[in-house]
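These are my notebook entries on one protein chain. I looked up its charged pairs, its fold outline and its surface.

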Amino acid sequence: MYKNVGKQIQKLAHVIRIVEIIFGVLLAFSTLSLFASSGDALTAVLTAILIIGIFIFIAWITNLRFYAYGVITERVEEQTKLLRYMAKEEDAGLEKECPICGGILYAGDEFCSHCGTKMTTAQ
């Protein structure tokens, strides 16, 4: 349920946008039928096109922030996975102890940063 929350938010934004556009089209057709009964066909068509355009724009604007929140959530999830992977790598032996003073040594260190002892490949 809580896996890939960012993708779920993005999908929900798409669904909401489609529902808003469908609502706009239905409103445009009801307006079209209302104006068509009055006899002014050109005004009816132009009003319907305007309503559809406005609803498409509103659907885009209202869901833009929601979709962006989903993208941000997805990126944070990716960064969290990367940090966890890096923490596992760090625990996998990239750090060692100096045999003389017990200070922390990192892979590739030639000297201990605490006591200055030269490290050999066996250490």
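Entry 1, salt bridges. I took a salt bridge to be a side-chain nitrogen of Lys or Arg within 4 Å of a carboxyl oxygen of Asp or Glu. The model is predicted, so I noted that local features need pLDDT of at least 70 and side-chain atom pairs count only at pLDDT 80 or more, while totals for chains, interfaces and linings use all residues. Residues are numbered from 1 along each chain as its sequence is written, and side-chain values use heavy atoms, with hydrogens and water left out.

I searched the whole structure and found 3 salt bridges. Side chains of opposite charge can pair when their charged atoms come close.

I looked up Lys7 and found its side chain in a salt bridge with that of Glu74, at 3.3 Å from N to O. Lys7 belongs to helix H1 (residues 5-38) and Glu74 to helix H2, so this pair ties together parts 67 residues apart in sequence. For helices I used DSSP runs of H or I with at least four residues, and for strands runs of E with at least two, numbered from the N terminus.

I next checked Glu74 against Arg75, and their side chains form a salt bridge at 3.7 Å, N to O. Arg75 also forms a salt bridge with Glu78, where the closest N and O atoms are 3.9 Å apart. Glu78 and Arg75 are 3 residues apart in helix H2, and they are therefore separated by about one helical turn. I recorded Lys7, Glu74, Arg75 and Glu78 as linked in a network of salt bridges.

I counted a residue as buried under 20% relative accessible area, exposed over 50%, and partly exposed in between (1.4 Å probe, protein chains only). Glu74 is buried because its relative accessibility is 12%. Lys7 is partly exposed at 40%, Arg75 is partly exposed at 44%, and Glu78 is partly exposed at 42%.

I found 2 helices and 2 strands, in the order α-α-β-β from the N terminus on. Of the 123 residues, 17% are buried. The accessible surface, from the Shrake-Rupley method with a 1.4 Å probe (for residues, only the protein chains shown count as cover), comes to about 9400 Å², and 68% of that belongs to carbon and sulfur atoms. I took a contact to mean heavy atoms within 4.5 Å. Among contacts between residues at least 6 apart in sequence, 47% join residues at least 24 apart.

I looked up Gly53, which lies in helix H2 and counts as partly exposed at 37% relative accessibility. Gly53 and Val25 are 28 residues apart in sequence, and their C-alpha atoms are 9.3 Å apart in space.

Phe57 lies in helix H2, which spans residues 41-94. Phe57 counts as exposed because its relative accessibility is 51%. Which residues make up the nonpolar surface patch? I listed Leu50, Ile54, Phe57, Ile58, Trp60, Ile61 and Leu64, which together make a patch of about 680 Å². Patches are made of residues with over 30% relative accessible area and no salt bridge; like charges are joined within 9 Å, and nonpolar side chains (Val, Leu, Ile, Met, Phe, Trp, Tyr) within 5 Å.
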